[in-house]
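Here is a briefing on one protein model.

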Amino acid sequence: MKPYVICLMHSSLDGRTHPSRWRPKGAGTDWFEKIHDELGGDAWVIGRVTGSEFAKGQPYPATDMKLPRENWFARRDAKTYGIVLDARGKIGWGRSDIGGDPIVVVLTESVPDSHLAGLRGEGVSYIFAGQSELDLALALDILGRELGVKRLLVEGGGVANGAFLRAGLIDEFNLILSPAIDGATGAPFVFSSTEEDSDKRAPIAAMSLESTRELGGGVLLLRYLIRNDPQAASR
């Protein structure tokens, strides 16, 4: 059964997600982790670019090993997992957890054996979801079936968020909205896409505002439920 998927993001009033660029500075930037903890996910997921910010290692060296394209788990007993989308195996981790949450990398079958050997050597779990392009619905199915994930927090960046959105997989959107503005080009948005997917639209049939919560200092938490159109998602 598909996990319940909540997208949680923090943005300026113009939808940008790099607080260092916001003016005034520091507007409500201490709320993300608090709301993350309140939502109580079994796992959270980020994309490759965001994941690279947590990496401490280098690309893994070549190997003569031949490894099967099968899911591999270093741990199955964690309270929370950190899921990272890395379709082509670009991140050398140098660690096996982020903030105490074991890392699980979502790969495609096109990754080299050297990358799989490196992940195993560092105790980093991985799953396969697609041959050359990520199948996010399959990834969610594996996470639910193999690790018991029932509640997943999608936490960016914008390209990863947009991929889940266009796949019709997000059930709820929680936006921490700060009284600040970026106002310049170059910063990522809450939802974005690659050039290849730039003409694809999300299959959203309806959104309903469930709650508006004032967090103080002009910061709002907006909670929306999303109803997706499965037929539109398949087109």
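Domain bounds here come from an automatic or database domain assignment. The model is predicted. On that assignment, the protein chain divides into domain 1 (1–42 + 150–234) and domain 2 (55–136). The centres of domain 1 and domain 2, taken over C-alpha atoms, are 26 Å apart.

**Domain interface**

- Domain 1 puts 7 residues into the contact, and domain 2 puts in 6 residues.
- Between them, domain 1 and domain 2 bury about 470 Å², with 68% of it on carbon and sulfur atoms.
- On the domain 1 side, Asp42, Phe164 and Leu169 lose the most area to domain 2, together 58% of what that side buries.
- H5 gives the most to the side of domain 1 that touches domain 2, with 3 residues.

**Helix H4**

- Helix H4 covers residues 136–147, which is 12 residues. At 1.5 Å a residue, H4 should span 16 Å, and its end C-alpha atoms are 16 Å apart, so the two agree.
- At the start of H4, a side-chain oxygen of Asp135 comes to within 3.2 Å of the backbone nitrogen of Ala137.
- Leu136, Ala139, Leu140, Ile142, Leu143, Gly144 and Leu147 are the buried residues of H4.
- The cover over these buried residues includes strands S1 (4–11), S3 (81–85), S5 (101–107), S6 (125–128) and S7 (151–154), along with helix H5 (158–166).

**Salt bridges**

- The rule counts 13 salt bridges.
- Asp141 and Arg145 form a salt bridge at 2.6 Å, N to O. Both lie in helix H4, 4 residues apart, about one turn of the helix.
- Asp141 is partly exposed at 32% relative accessibility, whereas Arg145 is exposed at 52%. Salt bridges with shared partners join Arg76, Asp141, Arg145 and Glu146 into one network.
- Asp113 and Arg69 meet in a salt bridge at 2.7 Å, N to O. Asp113 lies in helix H3 (residues 113–121) and Arg69 in the loop between helix H2 (48–52) and S3, so the pair ties together parts 44 residues apart in sequence.
- Asp113 counts as buried at 16% relative accessibility, while Arg69 is partly exposed at 29%.
- Asp30 pairs with Lys34 in a salt bridge, with the closest N and O atoms 3.9 Å apart. Asp30 is partly exposed at 46%, and Lys34 is partly exposed at 41%.

Key
Residues numbered from 1 in each chain as written. Predicted model: local features only at pLDDT ≥ 70, side-chain atom pairs only at ≥ 80, totals over all residues. Heavy atoms only, no water. Helix = DSSP H or I, 4+ residues; strand = E, 2+ residues; numbered from the N terminus. Expected span 1.5 Å × (residues − 1). Buried < 20%, exposed > 50% of the residue type's maximum accessible area, 1.4 Å probe, protein only. Contact = heavy atoms within 4.5 Å. Polar contact = N/O pair within 3.5 Å; in protein donor to acceptor, adjacent residues only side chain to side chain. Buried area = accessible area lost by both parts, 1.4 Å probe. Salt bridge = Lys/Arg side-chain N within 4 Å of Asp/Glu carboxyl O.
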